[in-house]
Every structure is written in C-alpha cells, then in structure tokens.
Amino acid sequence: MSDLESPPAPAGKRGDTRLRLMQAAERLFGERGLHAVTLKEINAAAGQRNESALHYHFGSKQRLVQAILDHRVAAIDAVRAARVEALVAARGTQDLKAVIRVTFEPLTELLDTEEGIRFVRFAAQVLNDPDFDLPTVALKSGFQGISRANALIVAALGDLVPEVAVQRQRLMIEMVLTSLALWTRRADAMTNEPARRFFVESLFDGVAGALQAPVSEETLAALRAASRN
C-alpha cells in the first residue's frame, strides 16, 4: 500500500496537517508568488516527510490556494459583517468613507501581526496571478460581509454607467490589496502605528475619491468603442 493509499489519520491529526500545509503555502506564496513555489517545497516547509501529503489534502495547487482564501476570508468577513450591520443600525450608510472603512478595516487591522502580514502578501500575489480573478471572486463570493458592503458601495455610486461601476469596484479592491502589500515591505510596518494610521486614512480617502470621480467623455467614448468589439 502506498503512502497515498494508507489508512486515514485521526481527524485531529488530519486537521493539524492540513493547517500546517496551508500556513506554509501562504508564507511561501506570499514571499515568492504562486508559480515560483513547488508542492515539494510546501510539503518540506510544513514538516511533511510524505511528499503526497499536499496532494492528499488538496488535490492541486489551485485548490490549495482556494482553501487558504476560504479559511482566511471567512474569519475576516465575520468581522466585516458585524461592522456593516452596526453601520446600518447607526444610519451611517450615506457616508461613503464610513462604508469603505467597515469594508476594509478588517484587512488593514491585520498589519500589526506577522500572521496578518503573511495573508496580505499572499492575497496580493493571488491578485497578480493570471490564473485567478480575485476581484471577481471577492465580489461573487457570497460572504455576507462582502455582499452587504458591496451593495452599500453600489448604492453610493448612484447613476454610474454599470460598466464603469464594475470597473471601479475592481479598482477599489486592487488599490487596497496592492497598497497594503507594499506597506508590509516597511521595516516598521508592524510597529509605527501613527504612520500606519496616516497611510490607512489616506488610502481610504483615495478609494473614496476614485469611486466618486466624474466619468470623463474620454472614458465614455472608450467604453462605447469597447462595446462595439
């Protein structure tokens, strides 16, 4: 009987192995990118002598990436959902920056821990990988917090042409994830709280400005041309 066909380990041990593989992959992917890391390297970093461990638990690199996203985003979105509900209860949904804050602060608050920084770097690598369309995945994920927050943002965009609204939603996600990943390169990323607060507030201002910017005639002309193709 091969290692892959060996009897299943007890549930607790299987869960521990799966988590260690996810943590090792998240770190390596965040440091080097998804395609620069081999499954063998992930197994080794997770302390797995059985080279079939990763395939047994996930089946493929793509499913491993999706498992990491599901694991992390579920916890982050639970925080987001609670804050969106609190904002709705306080009747603060007309304030676009307040909506942006409850949408993204559960991410920006990760910047003061090594674990949080590891996820931010990983998410930015997924964003830049051609095999994944992270903005679309996020917007269609079905997570309650993301869905409610996005509905508030769409409402705030008012009468924007639908194609422009979608483009700006994608830009919003790309701006935030890329900016957060760049921030983590700072030597004082986890310790300089005043600088981080300034960075975060400026980022939220920039996202709000990008979402609310007037649509130029050049953009509308380009959209009409693209629609004809």
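Reply: **Salt bridges and their setting**

Arg 170 and Asp 133 form a salt bridge, with 3.0 Å between the closest N and O atoms; the term denotes a side-chain nitrogen of Lys or Arg within 4 Å of a carboxyl oxygen of Asp or Glu. The pair links distant parts of the chain, 37 residues apart. Arg 170 belongs to helix H9 (residues 162–183), while Asp 133 is in the loop between helix H6 (114–127) and helix H7 (134–139). Helices are DSSP runs (H or I, at least four residues), as are strands (E, at least two), and both are numbered from the N terminus.

The model is predicted, so local features need pLDDT of at least 70 and side-chain atom pairs count only at pLDDT 80 or more, whereas totals for chains, interfaces and linings use all residues. Residues are numbered from 1 along each chain as its sequence is written, and side-chain values use heavy atoms, with hydrogens and water left out.

The structure holds 19 salt bridges. Another of them joins Glu 105 to Arg 83, the closest N and O atoms being 3.7 Å apart. This pair, too, links distant parts of the chain, with Glu 105 in helix H5 (residues 96–108) and Arg 83 in helix H4 (residues 61–89), 22 residues apart. Glu 105 is buried at a relative accessible area of 12%, but Arg 83, at 28%, is partly exposed.

Arg 197 counts as partly exposed, with 33% relative accessibility. Through shared partners, salt bridges join Arg 197 and Glu 201 into one network with Arg 83, Lys 97, Arg 101, Glu 105, Glu 109 and Asp 205.

Helix H4 also holds Arg 72, which is buried with a relative accessible area of 12%. Not counting residues up to four places away in sequence, Arg 72 touches Glu 26, Glu 115, Arg 118 and Phe 119, where contact means heavy atoms within 4.5 Å.

Together with Phe 29, Ile 42 and Leu 64, Phe 119 touches the most other members of the largest nonpolar core, which has 65 residues. Such a core is a set of buried Ala, Val, Leu, Ile, Met, Phe, Trp, Tyr and Cys residues joined through side-chain atoms within 4.5 Å. Among the elements that give two or more residues to this core are H4, H5, H9 and H10. Leu 64 touches Met 22, Ala 25, Phe 29, Ile 42, Leu 54 and Phe 58, again leaving out residues up to four places away. In soluble globular proteins, nonpolar side chains tend to be buried together.

The loop between H4 and H5 contains Arg 91 and Gly 92. Arg 91 is exposed at a relative accessible area of 76%, whereas Gly 92 is buried at 17%. Phi of Arg 91 is near 60°, a positive value in a residue other than glycine. Most residues other than glycine have a negative phi. Beyond its neighbours within four places in sequence, Gly 92 is in contact with Leu 87 and Ala 98.

As to the whole protein, there are 11 helices and zero strands. Of its 229 residues, 40% count as buried. Among contacts with a separation of 6 or more, 73% come from residues 24 or more positions apart. The C-alpha trace spans about 65 × 50 × 35 Å along its principal axes.

Notes: Buried < 20%, exposed > 50% of the residue type's maximum accessible area, 1.4 Å probe, protein only.
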